[in-house]
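Please consult the sequence and coordinates alongside the text.

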Amino acid sequence: MLRSEPEGLARIGWRRLGLTGLTFCMAPAIAGGTVLVVTALAGFVLPGGQHTLRTEGLATAALVSPLVGAPIWAMITLASAVLLRLRAFGWLPVALLGMATFGALTRTEIGSISLPFGAVSALLFRMALALQRPEAI
């Protein structure tokens with residue numbers, strides 16, 4: 001719950017930690033870009049002749065999400081390295097880390113929903129690292 005394996009950072013490595021953080025940062029942008037390309041090429045039209053503005057709007061928001069998410073994922077990645085070095089990369093510290101980093105978004109229109117989203121996102125980050133190197137976590 002609180003602790004992780006000794007030498008966790010050495011076993012995972014900076015490269016794997018950084019690439020996993022970059023993947024989590026860029027995944028919404030890749031999905032949003034894909035949706036935009038598909039809707040542009042297929043020319044989807046809703047019944048009644050209305051274009052899919054909602055779908056394109058959400059896809060555009062996802063496409064530009066790394067502008068907001070890059071500093072957050074950089075903080076999560078660097079703090080994860082510190083927690084791994086301190087042998088405190090358990091699920092509870094990681095969830096608190098996610099809440100703290102995504103907590104900056106509570107001052108925006110997103111509001112307090114960013115806190116549980118941050119906890120879940122950081123726990124998924126930890127899970128992705130555990131799937132890559134189970135002996136390190």
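Leaving aside its neighbours within four places in sequence, which residues is Thr101 in contact with?

## Thr101 and its surroundings

Beyond those sequence neighbours, Thr101 is in contact (heavy atoms within 4.5 Å) with Ile72, Met75 and Ile76. The model is predicted: local features need pLDDT of at least 70, side-chain atom pairs count only at pLDDT 80 or more, and totals for chains, interfaces and linings use all residues. Residues are numbered from 1 along each chain as its sequence is written, and side-chain values use heavy atoms, with hydrogens and water left out.

Thr101 belongs to helix H5, residues 91-102; helices (H or I, at least four residues) and strands (E, at least two) are DSSP runs, numbered from the N terminus. Its relative accessible area is 6%, so Thr101 counts as buried; buried means under 20% relative accessible area, exposed over 50%, and partly exposed in between, with a 1.4 Å probe and protein chains only. The Thr101 side chain also reaches the backbone oxygen of Gly98, at 3.2 Å. Such a polar contact is a pair of N or O atoms within 3.5 Å; within protein, one must be able to donate a hydrogen and the other to accept it, and residues adjacent in sequence count only if both atoms are side-chain atoms.

Helix H2 covers residues 14-42, with 29 residues, and reaches 41 Å from its first C-alpha to its last, close to the expected 42 Å. At Met26, H2 bends by about 40°, and Pro28 follows within four residues; the bend is the angle between axes fitted to the seven residues ending there and the seven starting there. Among the buried residues of H2 are Leu17, Thr20, Cys25 and Ala29. Their cover includes helices H1 (8-12), H3 (53-63), H4 (66-85) and H6 (114-132).

## Nonpolar core

The largest nonpolar core has 21 residues, and those with the most contacts inside it are Ile12, Leu17, Ile76, Phe89 and Leu129. H1, H2, H4, H5 and H6 each give two or more residues to this core, and H4 gives the most, with six residues. A nonpolar core is a set of buried Ala, Val, Leu, Ile, Met, Phe, Trp, Tyr and Cys residues joined through side-chain atoms within 4.5 Å.

Leaving aside neighbours within four places in sequence, Leu129 is in contact with Ile12, Arg16, Leu17, Thr20, Phe89 and Ile137.

## Positive phi angles

Most residues other than glycine have a negative phi. Glu7, in the segment before H1, has a positive phi of about 60° although it is not a glycine. Arg87, in the loop between H4 and H5, likewise has a positive phi of about 60°. Glu7 counts as exposed because its relative accessibility is 55%, and Arg87 counts as partly exposed at 34%.

## Overall architecture

The protein has six helices and zero strands. Its C-alpha trace spans about 60 × 30 × 20 Å along the principal axes. Buried residues make up 36% of the 137 residues.

Key. Expected span 1.5 Å × (residues − 1).
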